[in-house]
Amino acid sequence: MENLIALLIAAPLLGAAVLLVGGRRLDAVGQWVGTLLSTVSFVLGLVLFGDLLGRSAEDRTLTQHLFSWIPVEGFQADVGFRLDQLSMTFVLLITGVGSLIHLYSVGYMEHDERRRRFFGYLNLFLAAMLLLVLADNYLLLYVGWEGVGLASYLLIGFWQHKPSAATAAKKAFLVNRVGDMGLSIAIMLMFTTFGTFAFGPLLGAEGQQGIAGDASEGKLTAIALMLLLAACGKSAQVPLQSWLGDAMEGPTPVSALIHAATMVTAGVYLIVRSAAIFNGAPDAQLVVTVVGAVTLLFGAIVGCAKDDIKKALAGSTMSQIGYMVLAAGLGPIGYVFAIMHLVTHGFFKAGLFLGAGSVMHGMNDEVDMRKYGGLRKYMPVTFVTFGLGYLAIIGFPGLSGFFSKDKIIEAAFAKGGAEGWILGGCALLGAAITAYYMTRVMLMTFFGEERWKNQPTRSPEAPSAEPAAAHHGEHAEPHPHESPKVMTIPMIVLAFGSVFAGGFFSIGDRFLHWLEPVTGHSEGDSPLSVAAVTGATMVCLVIGVGIAYAQYGRRPVPVVAPRGSLLTRAARRDLLQDDFNHVVLVRGGEHLTRSLVYVDHTLVDGVVNGTAASVGGLSGRLRRLQNGFARSYAVSMFGGAAVLVAATLLMRAV
Amino acid sequence: MSFPLLTATAVLPAIGAVATAAVPAARRNAAKALALLFSLVTLALAIVVLVRFDPGGARYQLTESHSWIAEFGVRYELGVDGIGVALVALTALLIPFVILAGWHDADPLETGSKRWRPTQGFFALILAVEAMVILSFEATDVFLFYIFFEAMLIPMYFLIGGFGDRAHEHGEEAASTQRSYAAVKFLLYNLVGGLIMLAAVIGLYVVAGNFSLAEIAQARADGTLHMATSTERWLFLGFFFAFAVKAPLWPLHTWLPNAMGEATAPVAVLITAVVDKVGTFAMLRFCLQLFPEASKWATPVILVLAVISIVYGALLAVGQRDIKRLVAYASISHFGFIILGIFAMTSQGQSGATLYMVNHGISTAALMLVAGFLISRRGSRLIADYGGVQKVAPVLAGTFLIGGLATLSLPGLAPFVSEFLVLVGTFARYPAIGIIATFGIVLAALYTLVLYQRTMTGPVKPEVSAMPDLRARELVVVTPLIVLLIFLGVYPKPVTDIVNPAVKQTLSDVHKKDPKPEVEAAK
């Protein structure tokens, strides 16, 4: 059975290779090849899942060793896989949601001439993401880690002729590289501390305790903080969050799959996977919770101010991952719930993005919610599925988000002490803001007046790249319509997940029992009862929805955004993160490189040349060489040879 | 006596050079075909050498030894260890691609033009360089090595000075001036390095009484050859200086951007992927073996210079306006990594450095040759003259991106393996330097992706709108290089297996052991 693990990765990798190298011959069928191979991987995942379920809880780790990758004296990196409950959960999420989004893209990308390449990149992403979660050592994980970064780069910049897309792609890769530096240093630290970076010996396997606990707390803290840096890059956590909003330049299915459901959650995977290291580094864990709490508020505030539907959802993604990171930082109290929220979020956020894509598809690719309104009549399926995703994310009782987010808020309080109160308070506040901004999105899009009537949806200066635009013509008044079945079916399936997954996981603590053997679990010591936390969450929900309704439901939404308060304006600019980066890093960097180019040309070159000149009168010789090079060279050679002969003769005389 | 295989690997391209040069002027294409043929047969021979080499066997294999200048104890001694054999193979591998990529680089500018360019000479010179570089990797007699180390400057000088890019922003006259400036600068820098080394070579002879690498190293290890500390240090510096110019190490690097910028792309590949490797190779073989104590003495300074090279080269690459100069500064950064790996004196560092030499050769060749194809289409080296190329020439853009991703050491491609080994090997002994060097990976992403963005993405510039995609000949050049980059990224074991024993030997020469993992050491 374990021999199937490699095939999980091989199927989409094959798809990527065939689609990217295959050439134009495959243009007609490329989308189906990609979707098929993604589905193959999903089916294999189901088979393996069935196999794991058939085993006892302690015996659910499969390993497969393929070959020795980098064998160097004292250094051993292998290509090997480890499938346990944690990676299995990810495999099903990645291939399941991935296959649905492949299917959706068949419709969404129908009119794009480079569609074959798009599906090749999507398959490449799946392969890299599966490698990331299946690798049995950190260096191989790193390959998947940067592999998904590459796929993300290629897909954000898919419409490369748009300068904004190309810039966003580059930015995503660069910010991620800063995070990758952290992963790189973490692996080096593991190597010098433990002599290995393989999961088996380090983190423990088959009931055996790993050696991770043998190191000093200082070393573990250093490793953990470096892993956190990596997680911040990949999962768009403060301070490396700036790329995610821009990443919405990519086609919407990409935003759904990579920048909402799967890749951006890799940081959470990394932290939970490294539980054995974080558990020994409480200081680092505290930093993790702080990063999570700050980001969940940061993302939520940004989400409130955006008029671009995808960017509002991107802020939301950042915020929801903040919840997961916060939970992961709580240690055994929170690991399981971090992953549970990750899975339910995968359903409802992917569903929300696909819904947004469906809206854009029917609206000539307009993304400005101020030019939407009243769309529920025109797109009933999109409205219902999006609405269920909306209810799930705000934590409406009984839906997925209700179970998974509540657990995180409870766990935050359960950390105990002042920290518990602060973190729990942040999480509650976040819940209120979530309810606010999601209600705002919902109202602006599907309710109210039809603000798109009597006006072209796109200004001519910003020609759209999304394929539907070319199809419908750009300046016409939009004719909102429901999307084809190939797009709505995935939305319906995801809506089912958004509604039922949380309840299914929570009844009888199914998810907890499934994951606990890998991550461990402890209850913590909450100062508040479960009922109190749930009650408080409900109050926050009602407040958030109420304010949004008062602002956007009872009053007409202006088509042109009002100036807004200072905070609103800052939030529209992503709380000035880019302005900061621009002034400090971009401008500073430009000045640095420009002055270095000057220094290199005048100073370094000049000093070296000058030294040479003063030592041997070389500058004069240089001029002469330029005139009569061959002769002078001959003289030089002759001179050298003469010195040599003289010296050796001298030696013999001695 | 067995067949002198190593001599043959060098004699063959040398004969090829003479034969190519002798082809009559009118039969240009025959000369090119002949040069390509000779380079391919040399490659076949290098593969035989690789197969015959036994990684578990003696340190130097396939040895040849003949008395040459008996009076001075100069012998014609050849032999390869794992490091040498890997670099001989790299050289033999790259030359056919260099020749094929430069197929039209030396064609007459236009029929009837007075500025006739000697096509035959171009290819003959490339083969001559190949012969001398291969001999430098094979020579185990210090004086013999010195001769080839210096002699390769002559054909290189003519290649840089005589055959530049056809395109130049300030016209042919300015190009010609800049070309000869670059060629002379290349020559003078290396000549000065070589002369200082010559003094050290003579000094070594004075101390040791012969030029045999194996004998001197053995005598040093036995303690039968004693060297005063100051003598050893001076001799070390003499050797190291020459290699640091060639490698090149900051601040002796300024000749490289000139040379690589002015030369044609294939010649630039020849410089950075092949010729410069002799410098780093020689550090491993001569500096560490002959002067182990002095090497350790100089390590701190060299590590600092190497890490400056990494960061400085990368920052300068970010600031370049010229595609080829950008690649040159990127190479300076990469050479910093190689030197860092060598002088970290750990198994991972040195195996990584050797692997790095091979991988850098392949990845730079891929990137630079595609850049050359691009430049030949538009007639400009300036980044700002391009834009939106991927729309009109997707295959060219795709291969350029892969070359770039290799340059930024994307995991899954060969350079990642070597770069990570160098970093981890450095970090194990010098954590602070390892961390600073790690910044290089962010900067590498910056200069590569900015280059790609500015040239390949965005709206299509009118000047590139009619640009043809890669032609068959160009695809034949690029495809195998990309396949190799992927293969060696996924399965570098064939190379590490050859290199590891040689690195182990070198480390024992300098009496260095790898640091133990902390957890293990604590027990």
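Guide: Let's start with a term: contact means heavy atoms within 4.5 Å. With that rule, and leaving aside neighbours within four places in sequence, A:E450 is in contact with A:Y372, A:G373, A:G374, A:K377 and A:Y378.
This is a predicted model, where local features need pLDDT of at least 70, side-chain atom pairs count only at pLDDT 80 or more, and totals for chains, interfaces and linings use all residues. Residues are numbered from 1 along each chain as its sequence is written, chains are lettered from A and ligands numbered from 1 in the order in which they are written, and side-chain values use heavy atoms, with hydrogens and water left out.

Visitor: Where does A:E450 lie, and why is A:E450 called buried?
Guide: A:E450 sits in the loop between α18 (417-446) and α19 (467-472) of chain A; helices (H or I, at least four residues) and strands (E, at least two) are DSSP runs, numbered from the N terminus. Buried means under 20% relative accessible area, exposed over 50%, and partly exposed in between (1.4 Å probe, protein chains only). A:E450 has 18%, so buried is the word.

Visitor: What makes the pairing of the A:E450 and A:K377 side chains a polar contact?
Guide: A polar contact needs a pair of N or O atoms within 3.5 Å; within protein, one must be able to donate a hydrogen and the other to accept it, and residues adjacent in sequence count only if both atoms are side-chain atoms. The side chains of A:E450 and A:K377 are paired at 3.0 Å, and the A:E450 side chain makes another such contact with the side chain of A:Y378, at 2.9 Å.

Visitor: Over to chain B. What makes B:E77 buried?
Guide: B:E77 has a relative accessible area of 11%, so it counts as buried. B:E77 is placed in strand β2 (residues 74-80) of chain B, and its side chain makes a polar contact with that of B:S65 at 3.4 Å. Beyond four places in sequence, B:E77 touches several residues, including B:E64, B:E138, B:D141 and B:S212.

Visitor: Why are α3(A) and α4(A) called roughly antiparallel?
Guide: Axes are lines fitted to C-alpha atoms, for helices over the stretch in contact, and angles run from 0 to 180 degrees between N-to-C directions. Under 35 degrees counts as roughly parallel, over 145 as roughly antiparallel, 65 to 115 as roughly perpendicular and the rest as oblique. The axes of α3 (residues 85-108) and α4 (residues 115-134) of chain A come within 10 Å and cross at roughly 175 degrees, so the pair is roughly antiparallel.

Visitor: And A:G96, buried or exposed?
Guide: A:G96, in helix α3 of chain A, has 14% relative accessibility and therefore counts as buried. Its C-alpha atom is separated by 9.9 Å from that of A:F347, 251 residues apart along the chain.

Visitor: How do you know which parts to read with care?
Guide: From pLDDT, the predictor's confidence in each residue, from 0 to 100. Chain A averages 86, with 89% of the residues scoring at least 70, and chain B has a mean of 90, with 97% reaching 70 or more. pLDDT stays under 50 over residues 459-465 of chain A, over residues 467-474 of chain A and over residues 112-116 of chain B. Where pLDDT is low, the predicted coordinates should not be read in detail.
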